[in-house]
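Visitor: Please walk me through this model, one feature at a time.

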Amino acid sequence: MDETLLPAIGVEILIPACALVAIAFALVQWLLVSRVKLSPHGLDSAANDGGAGKNGHAEYLIEEEEGLTDHNVVLKCADIQSAIAEGATSFLFTEYNYVGIFMVAFAVLTFLFLGSVEGFSTSSQTCTYDPTKLCKPALATAIFSTISFLLGAFTSVASGFLGMKIATYANARTTLEARKGVGKAFITAFRSGAVMGFLLAANGLLVLYIAINLFKLYYGDDWEGLFESITGYGLGGSSMALFGRVGGGIYTKAADVGADLVGKVERNIPEDDPRNPAVIADNVGDNVGDIAGMGSDLFGSYAESSCAALVVASISSFGINHDFTAMLYPLIVSSVGILVCLITTLFATDFFEINDVKEIEPALKRQLIISTILMTVGVALVSWIALPLSFTIFNFGTQKVVKNWQLSLCVAVGLWAGLIIGFVTEYYTSNAYSPVQDVADSCRTGAATNVIFGLALGYKSVIIPIFAIAVCIYVSFSFAAMYGIAMAALGMLSTIATGLAIDAYGPISDNAGGIAEMAGMNHRIRERTDALDAAGNTTAAIGKGFAIGSAALVSLALFGAFVSRAGISTVDVLSPKVIIGLLVGAMLPYWFSAMTMKSVGSAALKMVEEVRRQFNSIPGLLEGTAKPDYATCVKISTDASIKEMIPPGALVMLTPLIVGILFGVETLAGVLAGSLVSGVQIAISASNTGGAWDNAKKYIEAGASEHARNLGPKGSDPHKAAVIGDTIGDPLKDTSGPSLNILIKLMAVESLVFAPFFATHGGLLFKI
């Protein structure tokens, strides 16, 4: 086999160097955000500084014009920010206490199941894929899989928590910057998103790289065992992401639905009005659901796609010939992705200035296009220096000869499929295009027609993304078998730092708007934050599209690795064992969605009753002379989400174990295939339906066109119908939809980790 141009020492420098550059860049962005002061003292010094800003004294005069030196407003913003940060931190700590117990219990289970494969023997065993060699004992795989599970879980939790801390640090600062203009506010929100994006990408890469090198000290030349035990990293990451997404999603939507139904529909007060008792809980929810949950989710996708690629590579020529550079190709692609995202971020923060509301959405879309183009070049370069000209890839028992340019195309196909899914999602969820405008128009005849149009839009929006995923799968499998699919998934996630920056920008802007409303700032400031938020809604939908598309590819790659590890040569759809698995698997996303939707409904019911009780029993609340009891609403959301996240989580975590033990690996293969096929469709339609309803409401509220003004203003019958649609869509787009992509990935990675146990001891019912 050919040698790679990049020596092993080059890889050992490149990967940690890129991760450290990302951490340094994130810290620089954070320092720039922290220059916006949240205290009147800081404001005075900024105002009296002769060289403040680019225009020095002139900028101070603008500050006077916009009322920037109003100390009361700054103090109010600081108080509100502190209440939101406190609520979010308290919720996450409560959630992590429960999740920590699960984490320890599941780690013990992992050790017991995998250790029992060879009866806890400490003697070497015959290698699974090469019977002529001896590999490390199964007990070692059990111990190291458990360690990597805990590492993945901890990194996932840390990613979510860091994201939430950054978002709650930046929200009020974005509000204060909005007084200087929409451009300043945009840069503050985007920089804060970039801090989260780069920290998460760097942490995911660095922890995985360190784990591989430490495990290598024990495993030595047994790369098959080494990378099999590394799959626990993906399992840990995704299992924490599931609880983060479901728990955070229930929290945020219970508060949102309660605040909207009573505040906007019944009492006719604006969104984020400080008189609304659920308003703090609603803003806390944006951080624990859309930021912490999403951070853990995308980290899980990244960890799993890397693990799937590494497992297949370890039994291909890379692993057999111990070619360290080619073996770590997935991590090298991610490292180059970090550098590409760094350059791309500068286009938003330094190279182009935003002076108008209309420039926000194009600036965010430009990020996606620039990162995709630069990454395509980066992948071609990396494939040339880090891969041999020709090599073999494991393909269900045979070795397939692959050229380096073919693997480069696999990554590029995934990258561009992600961009296509992103833009199709934007077309169906942005109020700049006809689909959302049609949904808004349907509000003229009431909520029922709005719901019908919104559902139809969601179903229709599935078509092109599914074709894009299908083409991506066919091309990448034809070129490089299951390794090609894993690399296509990694290609889609290679620009994760930019994707997360764009994604986190949305909830930060949403919070900024809420703080502006609660602090009583003038309507011009609120208009600016609303424009930031509307663009954020669309980009959040694009982010969810990326997450779902990559989840489909990751799940398929893990499925391929599971089938190989479990020793199944073919999955026969005509076999009754497989067909029952397919049917049950296809049903699981519906069962899971039913659980999460009902959880949001139950929690929202309690929230609505509490908000109504406060409006009816606290004298002067509606007039603004009395203060609402925010803490009770925060407690309702926290208690409901902690209690309600356990059954859906248990369904996902226990299904592979029960099916594998009782029915065996063939039925489990059917379950994985069925859940993948139905889960992707429901996830895309749910996310896009919810996003479209949300932006149809915003389209009417903004009144930017003649058509929108005819449907408005706020409080009109069409607007109330739009609010009802938005409220129905909330659990679809922020709880059920995003959680489904974790369901399909998590069941696949869990099956892969426990494949040795299922292959040895599974299928008890069929052995009777």
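**Hairpin and helices**

Guide: Start at the hairpin of β3 and β4, which has two residues between the strands; there F396 takes a positive phi near 50°. The model is predicted: local features need pLDDT of at least 70, side-chain atom pairs count only at pLDDT 80 or more, and totals for chains, interfaces and linings use all residues. Residues are numbered from 1 along each chain as its sequence is written, and side-chain values use heavy atoms, without hydrogens and water.

Visitor: In which sense do β3 and β4 pair?

Guide: Strands are DSSP runs (E, at least two residues; helices are H or I, at least four), numbered from the N terminus. Two strands pair if DSSP finds at least two bridges between them. Here β3 (residues 390-395) and β4 (residues 398-403) are antiparallel, over six bridges. F394 faces Q399 of β4.

Visitor: At what angle do α19 and α24 pack?

Guide: Axes are lines fitted to C-alpha atoms over the stretch in contact, with angles from 0 to 180 degrees between N-to-C directions. Helix α19 (residues 576-617) meets α24 at about 145°, the axes 10 Å apart. Residues in this contact (heavy atoms within 4.5 Å) include F592 of α19 and L740 of α24.

Visitor: How does α21 cross α24?

Guide: The axes of α21 (residues 646-663) and α24 (residues 717-753) come within 9 Å, at roughly 35°. On α21, V652 and L657 are among the contact residues; on α24, L743 and E750 are among them.
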